[in-house]
Amino acid sequence: MAYKFIDKYREKGARKRLVELLMKKGIEDEHVLYAIGKVPRHYFFDETFWNQAYKDIAFPIGEGQTISQPYTVAYQSELLHVKRGDKVLEIGTGSGYQTCVLLELGADVYTIERQEKIYERTIQVLPYMGYKPHFYLGDGSRGIETHAPYDKIIVTAGAPTVPEVLLKQLKVGGLLVIPVGNEQEQKMVTILKVGENDYEKVVLDTFRFVPLVGDKAW
Ligand code: SAM
């Protein structure tokens, strides 16, 4: 895949229209909307498909995986309530688009991907774009113990249940955002850690993610 990094009026205009569409769909957080308006999503696509980059759709990135739909990225980002300097663990780096949005929100991002080919591509593309998270290759269903605890954890693949280990790796006051369900559809779930063994869970809208595959997942 040949990457090309040019951000012209056409792409900037398309990005602005995408932000307007997300507002119409109910995204309200101005920081999230600003971040979506900043990240050049077409950089994740081969130039042949640039006309698809600012449509509100998921798109194949190879290895049976997808770059998430902008609405889904905005929805999860809004739920995460990222504050500048928050230490955020992202499980399922994929293309790195969500990672860039989290970085634009001011998070210190630890991101993990299990598929080597996707990982190898993303660790090259993001720094080239100027985005510098901490990259890891491996099974994120176990979290990343060595850097815990985290202020926030976001899972960008569908889990059959909430992995207990992720709750353990949250700070008290920390928040987990994770899609949970079967392989066809999942409910977005937020879990706030209010005490060492005390959690508040909220179940929200239905989405369709690729499966979270791993030791504590499918
Ligand atoms: N948010 C990403 C984006 O914007 O491009 C898309 C993520 S994609 C929907 C889900 C990713 O999670 C895939 O790249 C998949 O390989 C990865 N994944 C699935 N199970 C995983 C696991 N146990 N640990 C780490 N990554 C995993």
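**Exercise 1: Serine 68 and its surroundings**

Leaving aside neighbours within four places in sequence, serine 68 is in contact with Ala58, Val73, Gly94, Tyr97, Gln98 and Thr156; two residues are in contact if their C-beta atoms, placed from the backbone, lie within 7 Å. The model is a predicted one, in which local features need pLDDT of at least 70 and side-chain atom pairs count only at pLDDT 80 or more, while totals for chains, interfaces and linings use all residues. Residues are numbered from 1 along each chain as its sequence is written.

Task: Determine where serine 68 is found and whether serine 68 is buried or exposed.

Solution. 
- Step 1. Serine 68 is found in the loop between β2 and α3. Helices (H or I, at least four residues) and strands (E, at least two) are DSSP runs, numbered from the N terminus.
- Step 2. Serine 68 counts as buried because 26 other C-beta atoms lie within 10 Å. The classes are buried for 20 or more other C-beta atoms within 10 Å of a residue's own, exposed for 12 or fewer, and partly exposed in between, with C-beta atoms placed from the backbone.
- Step 3. The UniProt record, an unreviewed entry, places the feature "active site" at Ser68. UniProt positions are given in the numbering used here, feature names are shortened, and annotations may be inferred rather than shown by experiment.

**Exercise 2: The shell around the ligand**

Task: State which residues come nearest to the ligand and which element gives the most to the shell.

Solution. 
- Step 1. Of the 27 residues around the ligand, Gly92, Gly94, Ser95, Gly140 and Gly214 come nearest. A residue is near a molecule or strand if its C-beta atom, placed from the backbone, lies within 6 Å of it.
- Step 2. Two or more residues of the shell come from each of β2 (65-67), α4 (97-104) and β4 (108-113). With three residues, β2 gives the most.

**Exercise 3: Backbone exceptions**

Task: Identify the bond that joins alanine 148 and proline 149, and locate histidine 81.

Solution. 
- Step 1. Most residues other than glycine have a negative phi, and most peptide bonds are trans.
- Step 2. Alanine 148 and proline 149 are joined by a cis peptide bond, with omega about 5°. Proline 149 lies in the loop between β5 (134-137) and β6 (150-155).
- Step 3. Histidine 81, although not a glycine, has a positive phi of about 45°. Histidine 81 lies in the loop between α3 (70-80) and β3 (87-91).
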